[in-house]
Amino acid sequence: MKRHRDAEDPTSVQRGVPLSRWLVLLGPVALLALLGAQAFGFLTSAPDRDMGHLQKIMYVHVPAAWMAMIAFTVVFGASLLYLWRRDERYDLMAASAAEIGVVFTGLALALGSIWGKPTWGIWWTWDPRLTSTAILFLIYAGYLALRGFTDDMERRARWSAAVGVLAYLNVPIVYLSVRWWRTLHQLPSSPSTVDPMYAWGLRLNAIAFLLAFVYFLGRRYHAARVERLAERRVEEISLGGAYV
Amino acid sequence: MSNWAFVALAFGLTWAVLIGYTVSIHRRARQAQRLLDAALAQPSSVALAEPACEAVTRTAVEVVR
């Protein structure tokens with residue numbers, strides 16, 4: 001079995017973790033993309049026949065749900081890579097993506113609730129899509145809580161990777177829930193299933209959310225690496241041993 | 001509540017979450033960097049140990065001589 005390899009080698013304590021220039025630029029680019037895509041959505045979409053202006057909530061609810069799915073796919077991939085390579089950087093990547101996934105899942109749930117009240121007449125119902133998404137949120141919140149249970153970096157990474165792989169089983173269930181159990185929630189929305197008038201608004205908002213997601217992931221991963229370096233340095237001082 | 005109020009609530013919440021999370025990541029990165037800088041300012045155990053090791057080696061060499 002491969003040995004756990006720390007994310008940072010001894011020299012990187014002095015070097016620090018450089019922040020990519022592209023990542024610094026991506027923040028304002030994502031911000032402008034979000035503003036532009038939302039303005040496009042508002043200006044180009046006429047009120048929907050059934051929902052009226054409420055249709056515009058689709059431009060934030062659907063991309064938020066997609067970003068959550070992408071984030072959990074990154075957790076799954078990074079967890080598998082950690083189990084295979086035992087490189088701590090994959091563990092930090094998985095943890096960063098899980099946190100972002102929880103934020104986007106929470107946002108998608110809240111936006112769905114805001115959309116549900118005027119269209120369904122209720123804020124919440126135990127519909128399979130809603131319930132499986134709420135379970136997904138709790139599973140990954142649990143994943144993040146689990147990481148605080150141990151200070152042993154290797155054990156934390158190993159446990160988290162196992163949970164990161166197993167938790168992903170719920171993602172296809174969430175996706176297919178609206179096909180398996182046809183209840184209140186509509187079938188998945190995508191540019192190919194919505195009215196052509198709304199397709200570009202949805203596409204552009206999804207791209208803008210993707211830019212924001214990549215920015216979040218890059219910044220969160222960078223913060224995680226700096227935290228890890230600081231932890232290692234503090235460990236070294238408290239143990240009074242050489243940095244190895 | 002009118003439909004526009006729900007739309008405004010949805011978009012307002014989205015921006016609040018996106019901006020709030022950005023601020024939280026930046027704050028966390030700054031805290032980690034401060035912690036790292038503070039830790040680096042502490043004398044390294046290696047640096048502390050080096051003069052002691054040199055002294056022991058010198059003594060040992062003298063004893064052998």
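With which residue does Asp91(A) form a salt bridge, and how far apart are the closest N and O atoms? In this predicted model, Asp91(A) is paired with Arg147(A), and the closest N and O atoms lie 2.8 Å apart; a salt bridge is defined here as a side-chain nitrogen of Lys or Arg within 4 Å of a carboxyl oxygen of Asp or Glu. The pair links distant parts of the chain, 56 residues apart: Asp91(A) belongs to helix H4 (residues 88-120) of chain A, and Arg147(A) to the loop between helix H5 (128-146) and helix H6 (153-167) of chain A. Helices (H or I, at least four residues) and strands (E, at least two) are DSSP runs, numbered from the N terminus. Asp91(A) and Arg147(A) are both buried, where buried denotes under 20% relative accessible area, exposed over 50%, and partly exposed the range in between (1.4 Å probe, protein chains only).

Because the model is predicted, local features need pLDDT of at least 70 and side-chain atom pairs count only at pLDDT 80 or more, while totals for chains, interfaces and linings use all residues. Residues are numbered from 1 along each chain as its sequence is written, chains are lettered from A and ligands numbered from 1 in the order in which they are written, and side-chain values use heavy atoms, with hydrogens and water left out.

Over all chains, the count is 11 salt bridges. One of them joins Glu231(A) to Arg156(A), with the closest N and O atoms 3.9 Å apart. Glu231(A) lies in helix H8 (residues 196-239) of chain A and Arg156(A) in helix H6 of chain A, so this pair ties together parts that are 75 residues apart in sequence. Glu231(A) counts as partly exposed because its relative accessibility is 29%, whereas Arg156(A), at 14%, counts as buried. Glu231(A) and Arg156(A) also belong, with Glu88(A) and Arg228(A), to a network of salt bridges. A further salt bridge connects Arg49(A) and Asp50(A), whose closest N and O atoms are 3.7 Å apart; both of these residues are exposed.

The contact between the chains (heavy atoms within 4.5 Å) takes 43 residues from chain A and 29 residues from chain B. The area buried between chain A and chain B is about 3,300 Å², of which carbon and sulfur atoms give 76%; buried area is the accessible area (1.4 Å probe) that two parts lose on being put together, summed over both. Ile114(A), Phe216(A) and Arg233(A) supply 16% of the area that chain A buries against chain B, more than any other three residues. Two salt bridges are counted between chain A and chain B, including that between the side chains of Glu99(A) and Arg28(B) (3.1 Å, N to O). Helix H1 (10-15), helix H2 (21-44), helix H3 (58-85), H4 and H8 of chain A each supply at least two residues of the side of chain A that touches chain B. The largest share of this side, 14 residues, comes from H8(A).

Chain B itself has two helices and zero strands. Of the 65 residues in chain B, 23% are buried.

Arg86(A) has a phi near 60 degrees, a positive value in a residue other than glycine. Arg86(A) is located in the loop between H3 and H4 of chain A and counts as buried because its relative accessibility is 8%.
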